[in-house]
Amino acid sequence: MERAQCLELIYPEIEDKLVVTIMGACAQELYDLGHRENFFYLQHAMGLASSIGLGLASYLPHEKVIVLDGDGSALMNLGTFTTLARYRPRNLLHIIFDNGSLLSTGGFESHTTSGITDLAAIARGAGIEHAVAVDSPMAFGEAFVEAMERDDLSVIVARVDAVGPDNYGMDFALPENAFRFRRCVQERRAATGWTPPPMPGHMGAA
């Protein structure tokens, strides 16, 4: 299956969800489906989409946060799995599109190409209970629905072909996207009226 096919499948379901994508092909393919203010395309920060997602999920615990990642990015930040497992944000879904290639940075093979490295197994070993690997559109769709209905941290590793968009180009740069996404996040937090509890030892803490 292709990543673009998976994105098209879930696009209607993420209309009102906070979505963070990693750089390159994944960002472009989501953008090509139609930009929304709740989409943030994390450029020039390979490996850190899951870290941004964790921060968002913690900041807005009543929102469903979805991270669209790649195998190369996940491999660059394997510690993310242990961090996610430790804090276990129940509103976070981490989707990793594994094409066995660093497609957006030259098309070099990643460590998952040989089939030896299993990202879903790594996630489970780190302590993430709901981590599955899928390799067909039907299996991906079923795993996505289950994860969206589940009140717990979920990881889906989707094996996809090493193909990308025909061209790259967005009508706004990262700073504008970041500004508009930040405003969207602030508006959502204000609408819920939720405020985080004070940190232990912080002024105002009990």
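This is a predicted model: local features need pLDDT of at least 70, side-chain atom pairs count only at pLDDT 80 or more; totals for chains, interfaces and linings use all residues.
Biologist: Okay, so which strands form the open sheet, and in what order?

Modeller: The open sheet is built from six strands in the order E2-E1-E3-E4-E8-E7, and their pairing is parallel. The edge strands, each of which pairs on one side only, are E2 and strand E7, the latter covering 130-134.

Biologist: And what does the twist average from one strand to the next?

Modeller: Going from one strand to the next, the twist averages 15 degrees.

Biologist: Can we zoom in on E1 and E3, and how many bridges do they pair over?

Modeller: Strand E1, residues 18-21, and strand E3, residues 65-70, pair over four bridges in the parallel sense. If you want a place to look, find Val 20, whose bridge partner in E3 is Val 67.

Biologist: Which strands does helix H1 lie across?

Modeller: Helix H1, made of residues 3-10, lies across E3 and E4, and it runs at about 155 degrees to E4.

Biologist: Changing topic to the aromatic rings, how many aromatic pairs are there?

Modeller: Counting rings of Phe, Tyr and Trp whose centres lie within 6.5 Å, the total comes to seven aromatic pairs. One of them joins Phe 40 and Phe 181, with 5.3 Å from centre to centre and 20 degrees between the planes.

Biologist: Why does that one count as stacked?

Modeller: The pair of Phe 40 and Phe 181 is stacked because its planes are 20 degrees apart, and planes under 30 degrees apart count as stacked.

Biologist: Where in the chain do those two sit?

Modeller: They link distant parts of the chain, 141 residues apart, with Phe 40 in strand E2 (residues 39-41) and Phe 181 in helix H8 (residues 174-192).

Biologist: Are they buried or exposed?

Modeller: Phe 40 is buried, with a relative accessible area of 9%, and Phe 181 is buried as well, with a value of 6%.

Biologist: Which residues form an aromatic cluster?

Modeller: Tyr 31, Tyr 41 and Phe 172 form one aromatic cluster. Another ring to look at is that of Tyr 11, where the charged end of Arg 36 sits over the ring, 3.9 Å from its centre.

Biologist: One last thing, what is the phi of Arg 88?

Modeller: Arg 88 has a positive phi of about 40 degrees, although it is not a glycine. You will find Arg 88 in the loop between helix H5 (79-87) and strand E4 (92-98), and at 35% relative accessibility it counts as partly exposed.

Definitions and conventions. Residues are numbered from 1 along each chain as its sequence is written. Side-chain values use heavy atoms; hydrogens and water are left out. Rings of Phe, Tyr and Trp (its six-membered ring) pair if their centres lie within 6.5 Å; planes under 30 degrees apart count as stacked, over 60 as edge-to-face and the rest as tilted. Buried means under 20% relative accessible area, exposed over 50%, partly exposed in between (1.4 Å probe, protein chains only). A charge sits over a ring if NZ of Lys or CZ of Arg is within 6 Å of the ring centre and within 35 degrees of the ring normal. Two strands pair if DSSP finds at least two bridges between them. Axes are lines fitted to C-alpha atoms, for helices over the stretch in contact, and angles run from 0 to 180 degrees between N-to-C directions. Contact means heavy atoms within 4.5 Å.
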